[in-house]
Each structure stands twice: as C-alpha cells, then as structure tokens.
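Here is a short report on a predicted model. Keep the structure in view as you read.

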Amino acid sequence: MPHDHHGHAHIDPASGDRRVAVAIWANALLTVAQVVGGLLSGSLALIADALHNLSDMASLVIAFAARKIARRPADRRMTFGYGRIEIVAALINYTTLIVVGLYLVYEGGMRLIDPPEVGGWTVVIVGGIALAVDALTAALTWSMQKGSANIRALFLHNLSDALASVAVVVGGALILLYDWRLVDPLVTIGIALYILWMAASEIGGPIRTLMLGSPPDVDADALIATVLGVEGVAELHHVHLWQMQEHEAGLDTHVVLDAAGWTRLEEVKAEIKRVIAERFGIEHSTLEFERAGAQCDADLFGHGHAHSH
C-alpha cells in the first residue's frame, strides 16, 4: 500500500539533510585521496573507485538538492508540488552509474591486454580508507533509503562503493603477495559489472513514475471492480491511475451512475472515495459523474473515445 510509508518519518528532514551533507564531504575528501593514490601506484582499480566516488559525490549533491526542492509547497508553476524532483534525481543517478560502469569495463578490458605495474601498498591503504568512508555513508543513508527512491539510489551507490573498496583491498593484497598484475583490471571489471547490474535493475521504477505509469502496487482491475461494486455505479471509463509522487497515487475517472445512483450522487462519491482510500491507499481522486444513458462513448483507460465497430 502506498500509504504505509510513515515508518521512515522518524528522521526529521533537517537531520536527514545533515546526514547527506556529512556524506558529501567525506566522499569529496576520499575522491581526492583515491585519485592521488591511483596515480602514485598506477592502479586502475583505485582510479575506478575514485570515479565511482566522484559520481557518488555528484549523486549525493543531486539527492541533497532534490530533498530540499521536494519540500517546497505547490505553487502556480508547479501545481502538483515539487515532490517528483526526487524521482528525476534517482533517474539521473542511475544513468550516471550506467555510464561509469560501461567506461570501467572498457578501461579494464584494455588493461587485461597490457597489465601495468601496480604499487600494492598504496592500493591497500587507500582502499582501506575508502572502505571506511563508504561504510560511513551507507550507514548514514541506510535508515533513510526505505522510504525514498532518491535516497535508495544513493544508498545503492554507496553499497556498491563499499564492495568495490573491499575488492580493491583484496586486489592490492594479491599484488603484494603474488605480484599478480591481472588482478587489478579483473577487479575493475568485476566492480563495473556489478554497478551495471544494480543500476539496470533499479532504473525501471523512476522511469515508470515519470512516464505516468500506474502505481506498481495497485491492481487496476481490482480497483475498477471495487468501484463498480459501489451501489449506484453502472460503469467506468477514462480511468487514469498514476503515481503522483513516490508515496502518493492518484485516480482520475468518469463514473457513470444508474438512475438511483444519480439521485444520491454525493453519497456515492463519498463511498467511492472511502473504499479506494481504505483498500488501495489512494487519497487523491478526481471523479467526474455522468448519468446512465447520457454518458459519452469512451475507452476504459486513457482519454480516447471508444471506436465504433
């Protein structure tokens, strides 16, 4: 149900913002350390992790800004409010993850052909610092991510970072112990494939919302059957179900009433609003009523007119 998202409300917006701000600074410092470490040691895996962290920092900044903007009240320019900016932010973050992942696969592949010298100690030390920062960022955003696609994109970013850092440390250790140079590009490609898999599996949600798709957890057929079950309702058409914001679904529809229903229109309307709120968590609905016999000839979904056969 879209409306039981109050479980995450215990983090007030300001402390949530503070957490994201701390994470931004930690990641900024880490990116610098990794780039320097990567250049000094010749490790692509470290540079890969730095790029990933840079995209992380960008995603933190985007998520931070989106959180702030999303809290603005609706105005005449944005009559639905600004909540969807968080969905846009999630989409941007997943897209950048895919770009970073593809680049790393390419770079790692080139290095498999010609593996360079890599200084193992630098890799292990910087990788260890990275792991600490990634763990901190993931911890800061863990409790916030359950209720927000924006913060979830961020959390997954950080989780993938932490795993990448583990891989970098292991890679550095293998170079020190066995001088096994191929491990650096192999680790890089492994990190990249994981990033790609994760981003590809998560990007569908924001796209669906921005495409005005039906809420994934609302069964449209069950909803229609429920409304048709209300006494006085003869049929429905022009049904529009959509995800207004991350935790708010909306329903716009034309409701055709039979003769008895037409005389008690307000009661029927109240009953429809009650059942859709109770069973489907839809608090926002716009209902247009028509009398049986005088209704327009229209499709069930969308706003097209029924085709005469």
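## Cores, patch and confidence

Start inside the protein. Its largest nonpolar core has 26 residues. Tyr 94, Leu 97, Leu 104, Val 168 and Ile 191 have the most contacts inside this core. Five helices, α2, α3, α4, α5 and α6, each supply at least two of the core's residues. The most comes from α6, with 7 residues. In soluble globular proteins, nonpolar side chains tend to be buried together.

Now pick out Leu 104. Leaving aside residues up to four places away in sequence, Leu 104 touches Ala 48, Leu 51, Thr 188, Ala 192 and Ile 195.

There is also a second, separate core, and it has 22 residues. Val 218, Val 230, Leu 257 and Ile 282 are among them.

Next, go to the surface. A nonpolar patch there has about 1000 Å² of accessible area in total. Its members include Trp 121, Ile 125, Leu 176 and Trp 180. Both α4 and α5 supply at least two residues of the patch. Leu 182 also belongs to the patch. This residue is found in the loop between α5 and α6. Is Leu 182 buried or partly exposed? Leu 182 is partly exposed, because its relative accessible area is 31%.

How confident is the prediction? The mean pLDDT of the protein is 80, and 92% of the residues reach 70 or more.

| Helix | Residues | Mean pLDDT |
|---|---|---|
| α2 (lowest) | 44-70 | 76 |
| α10 (highest) | 265-280 | 94 |

Over residues 1-10, the pLDDT is below 50. Beyond near neighbours in sequence, this stretch has 15 contacts in the model. Where pLDDT is low, the predicted coordinates should not be read in detail.

Technical notes
Residues are numbered from 1 along each chain as its sequence is written. Side-chain values use heavy atoms; hydrogens and water are left out. pLDDT is the predictor's confidence in each residue, from 0 to 100. Helices (H or I, at least four residues) and strands (E, at least two) are DSSP runs, numbered from the N terminus. Contact means heavy atoms within 4.5 Å. A nonpolar core is a set of buried Ala, Val, Leu, Ile, Met, Phe, Trp, Tyr and Cys residues joined through side-chain atoms within 4.5 Å. Buried means under 20% relative accessible area, exposed over 50%, partly exposed in between (1.4 Å probe, protein chains only). Patches are made of residues with over 30% relative accessible area and no salt bridge: like charges are joined within 9 Å, nonpolar side chains (Val, Leu, Ile, Met, Phe, Trp, Tyr) within 5 Å. Accessible areas come from the Shrake-Rupley method with a 1.4 Å probe; for residues, only the protein chains shown count as cover. A salt bridge is a side-chain nitrogen of Lys or Arg within 4 Å of a carboxyl oxygen of Asp or Glu.
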